[in-house]
Amino acid sequence: MSFPKDFVWGSATASYQIEGGYENGERGRTVWDDFCDRPGTILDGSNGSVACDHYHRYKEDVQHIKDIGFGAYRLSIAWARLLPEGTGKINEDGVRFYNNLIDELLEKGITPYITLFHWDLPYELFSKGGWQNPECVEWFAEYTELVAKLYGDRVKHFFTFNEPQCFIGLAHVLGIHAPGNIMSKRSVLTMAHNVLKAHGRSVQVLRALVPGAQIGIAPTSTPACPETNSEADINAAREAYFDVPEQENYMWSVSWWSDPIFFGQYPEAGLKLFEADLPDFKDEDFKLISEPIDFYGQNIYNGYTIKAGANAAYEAVKRPLGFPRTAINWPVVPESLYWGPKFLYERYKKPIFITENGQSGTDFISLDGKIHDTDRIDFTQRYLAELERGIADGTDVKGYFAWSLIDNFEWHSGYTERFGLIHVDYQTQKRTWKDSAHWMKEFLAK
Ligand code: BGC
């Protein structure tokens, strides 16, 4: 495979999923701690209180990043570790932890990419209304300012939010993610709007305080891929991808979350769909939301097939029986890494980072002491080949972050899913490279 010389190769994690460091009051409570305490929320009844104990083992983990050969690492900061109550009082141990982690990365020649928010909202802020409270915009600005002042001398790459489709949609439309309270459409649309405003404010703060900052956001999407290369099918897939259709998680949208950032307005299809429930949006909000950013992050795991419709603009194509799926039951759709970035780049015209891609597997340690995850190697090769094809066709993709560096707490699935290149034994915290980590090392060395 051949990628541009300056292409960024990294791996990604998120604070709540790996850090632990909570049991002895090392950080403030978050909505995820609270959610996990509710019976029946997490498949295996677990939580992230210890997780991969990365809080105490970050040096070892950074060494693994280095040994695999990644030049970049996408980590998220736990808001409640720096500000246990979300605003106000600063936790010096938390400040020190990220200082040490960042220094360790830089010493090993690894560029940190910081995600400011990967879902672990401080509980104190939730109890004040969380994203529903308009003050959340300033809470997030205060937190951003602290991060910028503490680490902006050494960190230049930032993502404001990870997958708002999840911490608003999965949390408040479906109720399966923290804080898990299902709300009215009007309240959900209000929260989504506040999150977009908080994004804009955060961009302003970073721009003002971090010279040379490169800023983006990392939403997710499930790309629509055309059944054939006919113009009609390609147009149909594009239309489906950016549509805002009636669906169970109505916040699972590309354009609702991204059009305001890049175009300063919500997409027509969504405004029509939500007509009866729209909050009162102010014109000046859109100026804030569309504060210019430098790149566009995108988490892509799978996709679906679309063809031109006989009676509608597009039609979904059913998957054949026995279609390949990963352990978490997500379909394997490598071409999603061709069509997704291509359609996004055509529409939003910003350089793209694939901020997450990877698969969950039924990984276990074999008799020979190794983890033979041939499926993950195959998955990665197929997806990367499609990404490479897209770049050759003119899509401006700057980098790829594998999800994930190590197995970790997979939200409502607890520890039942393993996404890591490195296996974690949660009884001993022993890290063991899977075959895919060895494959990645060879791939990166070429
Ligand atoms: C999230 C990660 C998650 C991964 C696999 C993304 O939705 O950003 O936190 O672990 O996908 O589900």
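## Strand pairing and helix packing

Strand β8 (residues 304-308) and β9 run antiparallel and are joined by three bridges. Two strands pair if DSSP finds at least two bridges between them, and strands (E, at least two residues) and helices (H or I, at least four) are DSSP runs numbered from the N terminus. This is a predicted model, in which local features need pLDDT of at least 70, side-chain atom pairs count only at pLDDT 80 or more, and totals for chains, interfaces and linings use all residues. Residues are numbered from 1 along each chain as its sequence is written, and side-chain values use heavy atoms, with hydrogens and water left out.

In β9, Tyr314 stands opposite Ala308. Both strands belong to an open sheet of three strands with mixed pairing, in the order β6-β8-β9.

Angles run from 0 to 180 degrees between N-to-C directions, and axes are lines fitted to C-alpha atoms, for helices over the stretch in contact. Helix α10 (residues 231-242) lies across β6, β8 and β9 and runs at about 125 degrees to β8.

Helices α3 and α5 have axes that come within 10 Å and cross at roughly 10 degrees. They are therefore roughly parallel to each other (angles under 35 degrees). Contact means heavy atoms within 4.5 Å.

| Helix | Residues in the contact |
|---|---|
| α3 | His54, Tyr55, Tyr58, Lys59, Val62, Ile65 |
| α5 | Asp93, Phe97, Asn100, Leu101, Glu104, Leu105 |

Definitions and conventions. Parallel < 35°, antiparallel > 145°, perpendicular 65-115°, else oblique.
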